[in-house]
Amino acid sequence: MTKASIALNRFGLGARGDQPIPADPVAWLNGQFAHYDPRPDAIASAPTSAAVSADLADYFRQQRALRAQQGGKPGVPPGPPAAVAPMPGSAPAGLQMGAQSVQPPGMAPSPPAAKPMPDDAMKQARQFAARTGRGDYAGAVGARVTQALITDTPFVERLVHFWANHFAVSADKLQVVGLAGTLEFEAIRPHVLGSFHDMLMAVEQHPAMLLYLDQAVSVGPNSPLGQRIAARAAGNGGRKVGLNENLAREILELHTLGVRTGYSQADVTEFARAMTGWTVAGIGQGPGARAAGTDGLPGDFVFAAPLHEPGDRMVMGKTYPAGGVEQASAVLADVAVSPATASHIATKLARHFAGDTPPPAMVARLQAAFVKSGGDLPSVYRALIASPEAWVEQPLKFKTPWEWTISSMRALNVKTADPQAMVGLLNQLGQPTWKPGQPIGYDDIAGSWAGPDAVLRRVEAAERFASRAAAVDARALGPKILPGAVTPATSTALANCESPAQALALLLVAPEFMRR
Amino acid sequence: MYSPILDRRAFLGAGALALALAPRMAFAKAETDKRFIFIIQRGAADGMGIVAPVGDPAFVGARGDLAADFASAPKLDGMFALHPTMTALQGLYGRKQALFAHAVASPYRDRSHFDGQNVLESGGVSAYQVKDGWLNRLLGVLPPTEAKAIAVSATVPLALRGKHDVSSYAPSNLPQASDDLMQRVAMLYQGDAQLHGLWSEAMSTRELTSDLAAGGGANAVATGALAARLLAPANGARIAMIETGGWDTHTQQRQRLGAQLKGLDGMIGALQAGLGPLWSDTMVLVATEFGRTVAVNGTGGTDHGTGSSAMLLGGAVRGGRVLADWPGLQAAALFEGRDLKPTLQLDAFIAGAVAGHFGVEPARAMAALFPLSKGTKAVDGLV
């Protein structure tokens, strides 16, 4: 690959067929920092977490009203925010409903001939909420795709995608489906050229993360609410509530320090105690939801003092004095600049740009840039651009389905996309957006993406792309999108194709376009 | 190498595709008809919520609300009961075709899903130590005619990755590419070792599954049926791996685990139905990276733990029993004061199962699949 081809494809999102090839690839990359727009039109028109949360709050309100109307009939599950599809086949009860009409939330269940029993009405409401969430989800996927297609700063957009996968949520739970994209738009985009600390704080206080990793339902056992509930439970054998260490663990393991970097189970538990009280207004569930108070709008981050475990906390040998929201913030501030975090981030960035096995010298350089700048991300990116390991001529990465799809559409000068069609396509290619299924996000190595069936599907998709593309001569397009990098074998194969569309499809699955 | 000037007829005639595929499609009578399926439960499945130790005096106290599902569940023996939603498995157990192992764990003793899955799939004793997967290494100890494996997913999971070629398949809603384009792709990939290998695998699988795309596969039953169709043909795969997720039940475990288990039960029922008479030569292994806490957490769920349960199913299994050296649930018996203490090694269990099933010497299976578990003896008597 030439320098220009590397800048466009390995650092960027793939060349657009209708744009000039950068004359100075390094300057082209560094220059993008000044032009990046955190909230361009495509993103600004997508649903916000406030709007998605308001819909969810309406839904929960309606569920409560229906339950009250039912008089707490036993045997009815308390409207769980059930997984939309936790595994193939275990569809939530709401999906069994078939073709009955659906009641919008916020609307009283038709009063007179109240044919739909409350059970049915609750199912219908659940279906409606799931459908609204899916609509919001598709809208956000469409916004992300559009922005990736038309951006002038494709290197920074790639970094946005990198960080969204680093701080992965998965659009599996009903509460998270519609919110998943808003985490990227509201917590990642504004900070991608800022400090790691600020991005970390924005992510951990975002409703999608607080709900996805169960922080919003964690209650300090000795907090005022925890004590009250424990007393009641002791009296009548009722439900116990307590700590949920899910988010605290994944922050240390996945978001900051990295696994096996010296923290213990006790550190996880102590950090989880410090984080109690961090929750979301209006759309939480469980006994803590009321304690979240009525201060904020649905979806706002709130610190609910009644849930907070009192006392000093000891995390990795350091004491964090008793307090409120600032106790966990102080832990986050420390781990955000830890050398272990720097090493974790440096390794992942090096893997993303310099190959599945990150070169140790490059990792050390990026880590040093992170530590020296206190986690200033542009300083790290500049060290990345300056690393010769990222400019190796042979392709270093097998494209993920997302990368392949976006680069194909950019090559064909596509500028808009139908959101639902994009959701379907990315599902078929094996990488549904914001849905890795696990908080570790999608893998960034070829072994995860270079499967026989995965390649076959790209060929199928390429033929469909090509059949819809404007008449473009693949022989001329090749050198534009892969400047100096089209092999003689590919040139020959393109020249021998029986139609322009077939040649386009073949170009999109050529070995040099499957990798970057 | 190929001629730079080719027209369509020329390379149809040259039969590059047919040549590439010929060795794979050649049918040879296999030495046995054994089938093996590994269903991985990603996310740490709660063994005590699947096979509950209802006879342990501490069970109801420790499990609170989560014990309620087992109040009327049919007993497997004096100690254990199966989750009542798993009716197909209950039936298999009655016919002695289901064996459950309990208080079982891989050598991994921490609580990261991803490290735990890495150990479970690689067959190492700690994470990222071994680069390939034990299921791939299994192919090396089988006769070549039986050493054919497929991942029932678009990509290949770690357990199946390694030096032996494996295939992958999941139904696609994309329109099939035209044959002409497919042949040109085959030609173009000839000079690229990685893509050529992947493409050859994809083509040989496609031959077997041409009518499957319509089947959907959107749910567990369809996935089970699909796996059965990939395994049933005499020249099809002998080994398959199915990935399931959604087991990380930190909240509302009672509803969520119930739905998961219903799906798993349906998947296994579909496998059995789809394999028909081959079921008597089939072994299904179900296992997870680690278990969950004994105590219920504050949110109706359980957190990452240690010991869990595993299953062996199929006509070839000596079932109708629960294999467990039960450690007990009283506080003093727990691992690190919170988890079910493992008393059975998952690697020894898997090696013993596979050795018995394929007629491989147990020590050889142990050495090939779990080379770092030195001094551990494969569990015998499973088949």
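Analyst: A residue is buried if 20 or more other C-beta atoms lie within 10 Å of its own, exposed if 12 or fewer, and partly exposed in between, with C-beta atoms placed from the backbone. The model is predicted, so local features need pLDDT of at least 70 and side-chain atom pairs pLDDT 80 or more, while totals for chains, interfaces and linings use all residues. Residues are numbered from 1 along each chain as its sequence is written, with chains lettered from A and ligands numbered from 1 in the order in which they are written.

User: Why is α16(A) called largely enclosed by the rest of the structure?

Analyst: Twelve of its 16 residues are buried, so the helix is described as largely enclosed. Among the buried residues are A:Thr341, A:His344, A:Lys348, A:Arg351 and A:Phe353. α1 (3-11), α6 (154-166), α9 (196-204), α15 (325-336), α17 (360-373) and α18 (377-385) of chain A are included in what covers them. Helices here are DSSP runs (H or I, at least four residues) and strands likewise (E, at least two), numbered from the N terminus.

User: Why does B:Leu278 count as partly exposed?

Analyst: It has 18 C-beta neighbours inside 10 Å, which puts B:Leu278 in the partly exposed class. B:Leu278 is in the loop between α11 (253-275) and β8 (282-288) of chain B. Beyond its neighbours within four places in sequence, B:Leu278 is in contact (C-beta atoms, placed from the backbone, within 7 Å) with B:Asp33, B:Arg35 and B:Ala232.

User: What makes α13(A) oblique to α15(A)?

Analyst: Their angle is about 135°, with the axes 7 Å apart. Axes are lines fitted to C-alpha atoms, for helices over the stretch in contact, and angles run from 0 to 180 degrees between N-to-C directions. Under 35 degrees is roughly parallel, over 145 roughly antiparallel, 65 to 115 roughly perpendicular and the rest oblique. The angle therefore makes α13(A) oblique to α15(A). In this contact A:Phe271, A:Ala274 and A:Met275 of α13(A) meet A:Gln327, A:Ala328 and A:Val331 of α15(A).

User: Why is α23(A) called roughly antiparallel to α24(A)?

Analyst: α23 (residues 474-481) of chain A and α24(A) pack at about 155°, with their axes 9 Å apart. That angle makes the pair roughly antiparallel. A:Ala474, A:Arg475 and A:Gly478 in α23(A) meet A:Thr490, A:Leu494 and A:Ala495 in α24(A). By class the contact has three nonpolar, two polar and one charged residue. Nonpolar covers Ala, Val, Leu, Ile, Met, Phe, Trp, Tyr, Cys and Pro; charged covers Asp, Glu, Lys and Arg; the others, Gly among them, are polar.

User: How many residues of chain A are in contact with chain B, and how many of chain B take part?

Analyst: 62 residues of chain A are in contact with 65 residues of chain B. α22(A) gives the most to the side of chain A that touches chain B, with eleven residues. That side divides into 32 nonpolar, 19 polar and eleven charged residues.

User: Which domains does the assignment give chain A?

Analyst: The bounds come from an automatic or database domain assignment, which gives domain 1 (36-193), domain 2 (213-354 + 357-395) and domain 3 (401-514). The centres of domain 2 and domain 3 of chain A, taken over C-alpha atoms, are separated by 37 Å. Six residues from domain 2 and four residues from domain 3 make up their contact. On the domain 2 side, α12 and α16 (339-354) of chain A are the elements that give two or more residues.

Definitions and conventions. Two residues are in contact if their C-beta atoms, placed from the backbone, lie within 7 Å.
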